[in-house]
Amino acid sequence: MNRLTALPAWKALWSHFTRARDWHMRNLFDEDPGRAGDFWLEHAGLHLDYSKNRITTQTLTLLLQLAREAGVPQRIAAMFAGERINTTEQRAAFHVALRNRSAQPMAIDGEDVMPKVQSVLHRMAAFSDKVRNGEWLGYSRQPITDIVNIGIGGSDLGSLMVCQALRAHAHPRLNMHFVSNVDSSQLKETLRRVHAETTLFVIESKTFTTQETLTNAHTAREWFLHRAGDASAVASHFVAVSSNLQAVRDFGIDPRNMFEFWDWVGGRFSLWSAIGLPIMLSIGERNFLDLLAGAHSMDQHFREAPLERNMPVLLGMLGIWYINFFGAGSHVIAPYDQFLHRLPAFIQQLDMESNGKRTTRDGTLVDYETAPIIWGDTGINSQHAFFQLLHQGTHISPIDFIASLDSRSSLPGHHEILMANMFAQAEAFMRGRTLDEARAELLAQGLDAQAVARLAPFKVFDGNRPSNTLLLDRLDPFCLGALVALYEHKIFVQGTVWGINSFDQWGVELGKKLAHGILLEIEGAAPSAERDASTRQLITLYRQHREQPQKDD
């Protein structure tokens with residue numbers, strides 16, 4: 001594998017950067033009347049304006065040359081061919097097969113996986129239809145009204161985000177709840193809002209051994225049995241998404257109500273699989289298939305479009321430009337749509353768990369930055385929170401503005417104000433305000449010369465802060481599927497350039513292992529181990545507090 005910093009395009013980009021770092025986007029727009037049209041791309045109901053970036057055509061040419069030298073086209077082909085590109089776990093990363101809506105086979109080691117994928121989809125559809133039309137009855141012969149998904153990480157965030165985003169398409173009788181935190185307050189508050197007779201629990205864990213998920217699942221089961229009084233009733237109220245048939249059976253779930261997925265489905269890429277069962281329960285089979293179709297359309301674009309017109313590739317390489325050359329250590333996701341309020345958290349896991357690595361695929365340490373810190377919130381709220389830092393702070397954090405063009409679900413006047421604010425923020429980040437402009441503005445307000453001199457410096461900001469604007473035709477299943485696939489592939493492109501494996505997550509293992517030992521110590525089931533003084537002190541304090549009589553709430 002070629003060392004990134006030794007590639008000719010990498011060196012050429014550093015030479016180019018010595019000039020580009022002093023450009024201001026105001027001047028780039030003034031000098032090129034066609035800039036907005038040149039740096040614009042559309043696909044699958046998504047419209048991408050990437051003109052408000054500190055780039056020229058030459059910058060893009062060099063970035064795309066770097067993508068070629070780093071092997072991006074070959075890695076794209078390898079992923080779609082089912083090769084074991086997850087090298088540390090010797091697995092394919094084949095989530096693209098889950099949303100394959102063509103008649104073409106997709107194979108791993110010569111075996112077409114599509115019959116298995118379609119079989120699980122058909123079983124999910126049959127089950128969700130029964131729940132949605134009221135045929136699936138609880139132990140008291142009442143239809144289901146509440147669905148509680150119990151999972152964590154990829155078994156929670158994806159389905160939660162999509163169900164929130166597509167609430168306009170949700171079944172009117174079904175209330176969706178998501179429990180991920182082993183802090184019992186989340187489960188307790190959820191159980192207070194539901195009734196055992198009409199609640200369906202979906203337990204999501206590939207191995208059915210995840211500590212947080214199984215703790216919550218067993219607590220939910222105890223709560224249920226206390227009310228139902230009959231262990232056989234579990235079969236009507238609990239289903240599983242897992243690959244561990246025996247553990248599911250031991251829990252009391254009917255094996256016929258276990259929905260399978262495979263080791264080539266990574267957790268953060270799994271909402272397209274049976275992990276998406278809560279999504280299908282909420283929005284129905286047709287809408288779920290539209291979600292897959294949108295992602296499939298973006299897959300085909302990613303696979304076939306030339307790099308110069310390839311939306312995930314362009315976004316990925318723009319990120320490389322800011323992270324590795326400008327030193328931008330974070331990236332902001334700012335959706336201007338309340339239904340997308342969980343999108344920043346979803347992309348945070350997708351990006352940071354995928355590319356938060358310092359070791360290349362051949363085992364050597366990198367000597368360059370990799371994944372940025374992903375953060376954000378709904379854009380209209382962010383304007384009154386952290387946008388101040390983005391405008392006048394000392395950090396450069398590229399921003400993705402995301403919104404829907406469709407205003408049909410909006411109250412009169414609201415959507416226009418929303419969009420005006422988003423367009424204005426993107427312009428403000430690009431333009432900034434000069435000292436002369438600040439002075440002129442203050443003079444126009446009637447301030448005297450002394451007040452103008454005193455206040456003008458505080459109203460100046462440089463602008464030149466990069467952003468992308470992504471507009472969806474509408475927030476529907478198809479466009480949302482395309483949007484999520486766009487970010488998946490963007491992240492894959494960046495991981496390829498950095499030479500890292502975007503599909504493992506070894507960094508989470510040590511904490512899990514240490515937590516198991518500390519739990520045994522807290523419960524008195526194991527002697528104190530050799531630990532640092534801080535950890536020993538914390539464990540001791542907690543044990544002392546735990547042993548004191550607790551006052552009632």
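1. A cavity here is a set of points, on a 1 Å grid over the protein atoms alone, where a 1.4 Å probe fits but cannot get out, and its lining residues have an atom within 4 Å of a point. This is a predicted model, where local features need pLDDT of at least 70, side-chain atom pairs count only at pLDDT 80 or more, and totals for chains, interfaces and linings use all residues. Residues are numbered from 1 along each chain as its sequence is written, and side-chain values use heavy atoms, with hydrogens and water left out.

2. Helices (H or I, at least four residues) and strands (E, at least two) are DSSP runs, numbered from the N terminus.

3. The largest cavity has a volume of about 80 Å³, a volume being the space filled by probe spheres set on the points, with grid points joined across faces, edges and corners. Of its 13 lining residues, Leu 318, Gly 319, Tyr 322, His 331 and Pro 398 lie nearest the centre. Helix 14 supplies the largest share of this lining, 5 residues.

4. Now for strand 8 (residues 238-241): Phe 238 and Ala 240 point one way, Val 239 and Val 241 the other, and all are buried (under 20% relative accessible area, 1.4 Å probe, protein chains only). Ala 240 has Met 258 in strand 9 as its bridge partner.

Conventions: Buried means under 20% relative accessible area, exposed over 50%, partly exposed in between (1.4 Å probe, protein chains only). Two strands pair if DSSP finds at least two bridges between them. On a 1 Å grid over the protein atoms alone, a cavity is a set of points where a 1.4 Å probe fits but cannot get out, and a pocket is an open set with protein on both sides within 12 Å along at least five of seven lines; lining residues have an atom within 4 Å of a point.
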